[in-house]
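Biologist: I would like to learn how to read salt bridges, strands and interfaces in a model. Can we work through one case together?

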Amino acid sequence: MRAHAPPRLAVLLLLALPASALAQSNIRLSYEMAVPSLGTSDFIDRFSSRGAHLDASIEVAPAFNFELSLGWNLFNAAKTGVLHISDGRDVSGKQFRYLNAIPAMGGFAFHIPLRGGGRIWFGANAGGAIIERLVDVGMGTYSRTQWQWGVMPQIGIAFGIDRKAGTAIFFSGRWEYYWEQAGSPKQSWFGIGVGFLFGAGRK
Amino acid sequence: MRRLAAAATVLLAACYPGGAEVLTDLDSVTTQHDLAANFAALRTYAMPDVVGELPVSTTPAFDHSNDPAILAKVAANLDALGWTRVDPSTTTPDVSVIVYGSLGPSVLWIPYPFFDAFPGWPGFAGYDSSWRVFYPWARDREVFDGGSVRIDMLDARNPDTAKHRLRALWTGAVVGLPSTNQSNLQRIDQGIDQAFAQSSYL
């Protein structure tokens, strides 16, 4: 029974929060670029310009927010060389490599208000991602999809553009790291986001 | 709603950007070998003077005008690796090397019959149409999405007389979309070189 205490406590805390305390909650929608790092750069070493993130940030205490994050990142590159498919089986040819990741995470962040409806935040999320590694060689396709656990520290800064509506433009940076899982190698990348924040500074 | 549909279409297309742009981008070479085989102990080979048709014939028919050039390329690669070609009518080789071709997509079911593709070749004296080639890596079929030239290295010293089977020790497949005869030959030659280049254990 004791194992259920922390979730119950969290729910009670959320319910006990007055509406004003949730005033700094916000939704963020961003376009994401990414630079591959450890693990991912061995597979694809090319800058990614395709991605998106949706973040929900709920203030649970002054300047302290519970974060939920859902995203999509795509990396792709063309390579030549030999691909080891299995023991004794090799395929060569022009390889078109793709890595699709759909991260889903939760965590906490500190949000520091700025003048004019802006803010700075930093924190860390944990969770995982569905990661698909796919290689097209010749007319064949080889792919592997795996859920991988990971963490995502993040920082961001927002500048208010419509204080009344609570809208801001923001820039964010994340480092996403996913542990090796069931034979799928570790993955990581630095994400750079630019997008809109809705709900900032609303009173 | 139209804008939403258009955005969704663009997003889905973005999942797999890039891809093949020219015909040769679709060329590939696949090799597979028997992990239990000791290639260092094998040094002699015999090879028929024709490129056989894959047991599943497809249309259009394979153009055999390139057979001598294809077989010469295979022999040159084996010779460069230190193998010695022997006449199977006088000497039993360590391995038989057979080359198959198909101009279109095909499926090769394993074990596959080989005898009728090389009629009268002395290397297969003593066998008949009931004999098959099997792959110890336990695949039940090989699928070729395009035209292919396939090289199989068979263990000539240990035929399975009970099951009427010859064991494949190594196989190389050059696969691509057919083009002009000259272009095909050039790409096949490159593919054969690559098959041996990525099989350093030979």
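This is a predicted model: local features need pLDDT of at least 70, side-chain atom pairs count only at pLDDT 80 or more; totals for chains, interfaces and linings use all residues.

Biologist: Which residue forms a salt bridge with Arg28(A)?

Modeller: The general idea first. Side chains of opposite charge can pair when their charged atoms come close. Here the partner is Glu67(A), with the closest N and O atoms 2.8 Å apart. The two sit in distant parts of the chain: Glu67(A) in strand S3 of chain A, Arg28(A) in strand S1 (residues 26-36) of chain A, 39 residues apart. Glu67(A) is buried too, at a relative accessible area of 0%.

Biologist: Which residues does the network of salt bridges with shared partners join?

Modeller: The network joins Arg28(A), Glu32(A), Asp55(A), Glu67(A) and Arg174(A). Over all chains, the search finds 13 salt bridges.

Biologist: Where in chain B do Arg167(B) and Asp34(B) lie?

Modeller: Arg167(B) is in strand S11 (residues 165-176) of chain B, and Asp34(B) is in the loop between S1 and strand S2 (44-46) of chain B. These two form a salt bridge, the closest N and O atoms being 2.9 Å apart. They are 133 residues apart in sequence, so the pair ties together those parts.

Biologist: What is the salt-bridge partner of Arg157(B)?

Modeller: Arg157(B) forms a salt bridge with Asp94(B). Their closest N and O atoms are 3.8 Å apart. Arg157(B) lies in the loop between strand S10 (147-155) and S11 of chain B, and Asp94(B) in the loop between strand S4 (84-85) and strand S5 (95-102) of chain B. The pair is 63 residues apart. Arg157(B) is partly exposed at 43% relative accessibility. Asp94(B) is buried at 13%.

Biologist: Now the interface. How much area do chain A and chain B bury between them?

Modeller: The size of an interface is often given as the accessible area lost when the parts come together. For chain A and chain B this is about 2000 Å², with 53% of it on carbon and sulfur atoms. Arg89(A), Ser92(A) and Met139(A) supply 33% of the area that chain A buries against chain B, more than any other three residues. By contacts, 21 residues of chain A meet 27 residues of chain B.

Biologist: How many salt bridges and polar contacts cross the interface of chain A and chain B?

Modeller: The rule finds 2 salt bridges there. Arg89(A) forms a salt bridge with Glu142(B), at 3.4 Å between the closest N and O atoms. In polar contact are 8 residue pairs between chain A and chain B, both residues at pLDDT 80 or more.

Biologist: Which strand gives the most to the side of chain A that touches chain B?

Modeller: S4(A) does, with 9 residues. The residues of that side divide into 9 nonpolar, 6 polar and 6 charged. Val91(A) stands opposite Thr30(B) in S1(B).

Biologist: What does Asp25(B) touch beyond its neighbours within four places in sequence?

Modeller: Asp25(B) is in contact with Lys94(A), Phe96(A), Gly138(A) and Ala20(B). Asp25(B) is placed in the loop between helix H1 (2-13) and S1 of chain B. At 7% relative accessibility, Asp25(B) counts as buried. Its side chain reaches the backbone nitrogen of Glu21(B) at 2.9 Å.

Biologist: One more feature. Which residues form the covered face and the uncovered face of strand S6 of chain B?

Modeller: In a regular strand the side chains alternate between the two faces of the sheet. In strand S6 (residues 106-109) of chain B, Ser106(B) and Leu108(B) form the covered face, Val107(B) and Trp109(B) the uncovered one. S6(B) runs antiparallel to strand S9 (residues 141-144) of chain B, joined by 4 bridges. Val107(B) stands opposite Val143(B) in S9(B).

How values were computed. Residues are numbered from 1 along each chain as its sequence is written. Chains are lettered from A and ligands numbered from 1 in the order in which they are written. Side-chain values use heavy atoms; hydrogens and water are left out. Contact means heavy atoms within 4.5 Å. Buried area is the accessible area (1.4 Å probe) that two parts lose on being put together, summed over both. A salt bridge is a side-chain nitrogen of Lys or Arg within 4 Å of a carboxyl oxygen of Asp or Glu. A polar contact is a pair of N or O atoms within 3.5 Å; within protein, one must be able to donate a hydrogen and the other to accept it, and residues adjacent in sequence count only if both atoms are side-chain atoms. Ala, Val, Leu, Ile, Met, Phe, Trp, Tyr, Cys and Pro count as nonpolar, Asp, Glu, Lys and Arg as charged, and the others, Gly among them, as polar. Two strands pair if DSSP finds at least two bridges between them. Buried means under 20% relative accessible area, exposed over 50%, partly exposed in between (1.4 Å probe, protein chains only).
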